[in-house]
Amino acid sequence: MEIKTKQTWSMCKSLLKEVKEWGCLKQTGVSLRYMTEFGSNPTDTNLLLSAQFLHKELPIRIARRAIELHTLPHGLSYMPPVLKVKDWYLHSFRDLRSFSEIKNMEDEKEFTEMIKAIKMRHNNVVPTMALGVQQLKNVSEDPDHIDEFLDRFYMSRIGIRMLIGQHVELHNPSPPPNCVGYIHTKLSPLNVARNASEDARSMCYREYGSAPDVKIYGDPDFTFPYVPGHLQLMIFELVKNSLRAVQERFMDSDEVAPPIRIVIADGTEDVTIKVSDEGGGIPRSGLPKMFTYLYSTAKNSMDESQPPSDLGTIDNVRMAGNGYGLPISRLYARYFGGDLQVISMEGYGTDAYLHLCRLGDSQEPLP
Ligand SMILES: Nc1ncnc2c1ncn2[C@@H]1O[C@H](COP(=O)(O)OP(=O)(O)OP(=O)(O)O)[C@@H](O)[C@H]1O
């Protein structure tokens, strides 16, 4: 049975009751370090334990989001894109709850296939939610409230996808060297910065026909444990913003566009990555809006015919316009205990500081 509409939602009383019960249970956060240590030894016993943990944990996290999706202000809960997302959450909750106890490796395999399918079902949550929010932002007087909700919602999504992805990857019979599931235990931020910059520059070329240089400073031998996909996404978004700012400022000028500078510092507590540009910065009054969803100064700002795709890939055809890059990157940084700050000098340029927690022992923030 597909759960499709507002009516069907209200008809599924027993499901709703169960969602409410599970949504009140306590979530359990895990740290990067714990995931690494646990996953370093993917024996059958550990895989079984991991599946049993997810069998209990995922319905709690999913139920909390389903409840929140059901109680959004200003009628947002009943906007068609939000209804669609809510259906995906309910569907996944029901799949998880109808899976009986995981007792042996056969159950474990079946469960792993199921959560893989859940992860795929939720692939398009970001662009779909963005459509709903766009429709609402046109009429709402309280966008702050929506931003807070979206921060919680997307943060939770990052956690759910990390947990599922990590468990699924532990089944890989020949993982790449130094990889424990999604985590690279010896990740070189310099290499990631190089790849992310090249991706962003390719996009800049496609859009403007040229791209400023990106210079990267840091120890090429330095490594630390982190999730490569997350780091790639964050640096890509920051470099993309800087390239766009510099490109637009120097487009009609005879001067050579100044390079973007990336500095990587390995501290005891944090690895900090600074992305600096001379793209003219933004006015102080605009700073609070930078981390607002859908805030973009791009000319091709989002319209309903062009919703944002999931972020951080070269497949994104446009240089900017969704207003999702900064807020989502900050969530990825915060997920493992880091943060993202942007400081701007209007008339000169912008510095973005990406702090990543080096020890990996901070627990997932669980909204
Ligand atoms: N380095 C920068 N220099 C100048 N303005 C910036 C810079 N970085 C961000 N901004 C401003 O902040 C806005 C929001 O940035 P954000 O990355 O969230 O979205 P976007 O780049 O517009 O779209 P996308 O979702 O495609 O990333 C930008 O539109 C731009 O106005």
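Helices (H or I, at least four residues) and strands (E, at least two) are taken as DSSP runs, numbered from the N terminus.

I am working on a predicted model, in which local features need pLDDT of at least 70, side-chain atom pairs count only at pLDDT 80 or more, and totals for chains, interfaces and linings use all residues. Residues are numbered from 1 along each chain as its sequence is written, and side-chain values use heavy atoms, with hydrogens and water left out.

**Cavities**

Grid points are joined across faces, edges and corners, and a volume is the space filled by probe spheres set on the points. I find two cavities of 30 Å³ or more.

The largest cavity has a volume of about 80 Å³. I list its lining as I62, Y89, I118, K119, H122, R157, I160, R161 and I164. Two or more of these residues come from each of α6 and α8 (143-169), and α8 gives the largest share, four residues. I sorted the lining by class (Ala, Val, Leu, Ile, Met, Phe, Trp, Tyr, Cys and Pro nonpolar; Asp, Glu, Lys and Arg charged; the others, Gly among them, polar).

**Helix pairs**

For axes I used lines fitted to C-alpha atoms, for helices over the stretch in contact, with angles from 0 to 180 degrees between N-to-C directions. Angles under 35 degrees count as roughly parallel, over 145 as roughly antiparallel, 65 to 115 as roughly perpendicular and the rest as oblique. Contact means heavy atoms within 4.5 Å.

The axes of α4 (residues 44-70) and α6 (residues 105-121) come within 10 Å and cross at roughly 50 degrees. I note D44, L47, L48, A51, L54, H55 and L58 of α4 in contact with M105, E108, F111 and I115 of α6. By class these are eight nonpolar, one polar and two charged residues.

Helices α2 (residues 13-23) and α5 (residues 80-97) pack at about 80 degrees, with axes 11 Å apart. They are therefore roughly perpendicular to each other. I find L15, E18, V19 and W22 of α2 against L90, F93, R94 and R97 of α5.

Terms used: 1 Å grid on protein atoms, 1.4 Å probe; cavity = no way out; pocket = protein on both sides within 12 Å on 5 of 7 lines; lining within 4 Å.
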